[in-house]
Amino acid sequence: MSSTEAIVLAKLPRSRRRHPVAVWLSLALLGVVAFLVLFGNLIAPDATAQSILDSLLPPGSPGHLLGTDELGRDVLALTIAGAASALVGPVCVALGSMLLGILLGTVAGYLRGPIDFIIGRWTDLLFSLPLLLAAIVVAGVFGAGYWMTVLLLILLFSPSDIRIVRAGVMEQAARPFVEAAQMLSLSKTRIMFTQVLPNVWSLIITNSMLNVAFALVAFSSLSFLGVGVAPGTADWGRQLTDGRAIMIDNPAAVLVPALLIIGVASAANLVGDWLGQNLTRTGRS
Amino acid sequence: MTTTPIARASQARSLGRMLVVRVLGTIGILLVLSIIVFSMLHLAPGDIVKNLLGNRASSPEAIAAIRAQYNLDQPLYMQYLIWLGNTLTGDFGQSIRLQDSVSNVIGSRLGITAALSGLAFLLAVIVAVPLGVQSAVRSGSWIDRFATGFGIVGLSAPTFAVGLLLLYTFAFYLPIFPVYGSGDGGLDTLWHLILPAITLALGLGAIILKLTRTAMLRELESDYVTFGRARGLPDRQVHLIALRNAAIPIVTGASLVLTFLVGGTVLAETTFALPGLGTLLQGSVLFKDIAVVQALTLLVAVTIAIIALLADLAYIFLDPRIRAKESAQ
């Protein structure tokens, strides 16, 4: 990790704990959105149903609390149904990248040698292009669908997880309990994954929470640019692209999903920071 | 610490070797990237000749011309070498979407993007550096809370979402700024660039704010600050001295800032319909105008590699402690 990233990601010795109210509010927002992801289809079963007669109704119209878009789709229903598309992908990206990070990071950090060198050059290469640019170019040129985009982003997000796990494992590997485990002639795999890894969990969980926030931003950016999410899908980023043209007639079509994206990303980021401060202080590492 | 001439000479030698290693590493990564970028043409879905023809009619003559122009009948490694040679001499090929040479297309749009990023960077530095210093100096105060909150929202809010909110508020609801486009040049263009620049500056500012605050907090804990205060130096002067030392990590954050800027300009230009490199990339990607995408990707990669290298070198040359540590290894 370069020195500047270390500074940005560094946990500061804080004299003051972050105001818990903001953390509770963030958790509440994430909870509500998680509920929408799970049950959005039941609440708004036919969100993408079009009805030209009802197009471009302003917010507050009878039966359409947030109005409709130019295709006559109800903005509230579309927003509720769009939560799934906006969040399932980013959560999968964070989980997938976590898995890759754990596997490659532990192996590189514990075994060192040529494997570490190869994994290191691999992360260097992935880090040499801005993530969003690489995602736009690859997903766009290859016309990737939703799940291909998820795989692509897992690949692009993994270097940060790999490096963080590797650094954590390297720090642990020098400790006496690892030497003790080696004396007991436990297998390398067993030492890596049952002895060393549990001590790095706090780092992994914190970084994954932050990854959810950044993956949400990356995903919605891609769908805003017309990459990764098919036209006509209920998706917050897509809603912003479509809603840009009808801002005068129905501002809610843009403002509500925009505020939701900003709110959810900030909340995930805040919770990640908070986890980082608390887990690493009281955690076992 | 006294250094003998011999020690100094060996220090210079290992410093030189380190330099060579860094530069070679950067070139290596760029070469690997260039292979990936080159292979995009062959890996893109669909027939390669049809992709290169774009909207033109596919007569046998046109197909033959395309095969000759892109050396498609040569072995793959020869195609790569010819392509690399052309790229290095500034010939990026033809844009099939805009029917012009890629270098012309990029050249005509570079200005808007440069002006937009420059303006955003200026705004971000003017606001974020003083705010970062104040939030570190008054750690825990309302100013620090505001700055931390701003930092979190700025880091997590996607550029286009912020852009659309600003667009609605300051162009539709309060019609102060123009809605779309880049204006008629000169001051009018500047006026059109203000809202997009503020949008970009928000994310940039959040990064610079976080770098400044972290670096300042670290400096304020050091002994020289305590001693400066004990000797009765005015606070302002102490902060300036600390900021000078904190400047090293802030300046070397350049590559981080640049990485954000690349994605940010694409989004900001798309949001405000500015004809810059960002919208060029978006349009070319969706149209599968691969020559333009290849050229832009390489351009960004080279720029970032050079800036990152310069930032690393600046770090080594600015801070004697790092220099000593690096050459001791």
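Helix 6 of chain A, covering residues 146-173, comprises 28 residues and spans 39 Å between its first and last C-alpha atoms, close to the 40 Å expected at 1.5 Å a residue. The coordinates are those of a predicted model, and the values reported here were computed from it.

Helix 9, formed by residues 201-225, has 25 residues, and its end-to-end C-alpha distance of 35 Å is close to the expected 36 Å at 1.5 Å a residue. Of these 25 residues, 21 are buried, so helix 9 of chain A is largely enclosed by the rest of the structure. The residue that follows helix 9 of chain A is A:G226, which has a positive phi near 90°.

Charged side chains were considered next. Side chains of opposite charge can pair when their charged atoms come close. Over all chains, the search of the whole structure identified nine salt bridges. One of them joins A:D116 to A:R166, with a nitrogen-to-oxygen distance of 2.7 Å. This pair links distant parts of the chain, since A:D116 belongs to helix 4 (residues 113-127) of chain A and A:R166 to helix 6 of chain A, 50 residues apart. A:D116 also forms a salt bridge with A:R112, at 3.1 Å from N to O.

In chain B, a salt bridge is formed between the side chains of B:D144 and B:R213, with an N to O distance of 2.9 Å. B:D144 lies in helix 6 (residues 142-156) of chain B and B:R213 in helix 8 (residues 187-220) of chain B, so this pair ties together parts that are 69 residues apart in sequence. Both B:D144 and B:R213 are buried. In chain A, by way of shared partners, salt bridges join A:R112, A:D116 and A:R166 into one network.

The surface of chain A includes a nonpolar patch of about 550 Å², to which A:F35, A:L38, A:F39, A:L42 and A:I43 contribute. Among these residues, A:F35 is placed in helix 2 (residues 20-43) of chain A. A:F35 is partly exposed, its relative accessible area being 44%.

The overall architecture of chain B was also described. Chain B contains 14 helices and two strands, and its C-alpha atoms fill a box of roughly 85 × 65 × 30 Å along the principal axes. Of the 329 residues in chain B, 45% are buried. Among contacts in chain B with a separation of 6 or more, 71% are between residues 24 or more positions apart. The accessible surface of chain B amounts to about 16300 Å², and carbon and sulfur atoms account for 67% of this area.

Conventions:
Residues are numbered from 1 along each chain as its sequence is written. Chains are lettered from A and ligands numbered from 1 in the order in which they are written. This is a predicted model: local features need pLDDT of at least 70, side-chain atom pairs count only at pLDDT 80 or more; totals for chains, interfaces and linings use all residues. Side-chain values use heavy atoms; hydrogens and water are left out. Helices (H or I, at least four residues) and strands (E, at least two) are DSSP runs, numbered from the N terminus. The expected span of a helix is 1.5 Å times one less than its number of residues. Patches are made of residues with over 30% relative accessible area and no salt bridge: like charges are joined within 9 Å, nonpolar side chains (Val, Leu, Ile, Met, Phe, Trp, Tyr) within 5 Å. Accessible areas come from the Shrake-Rupley method with a 1.4 Å probe; for residues, only the protein chains shown count as cover. A salt bridge is a side-chain nitrogen of Lys or Arg within 4 Å of a carboxyl oxygen of Asp or Glu. Buried means under 20% relative accessible area, exposed over 50%, partly exposed in between (1.4 Å probe, protein chains only). Contact means heavy atoms within 4.5 Å.
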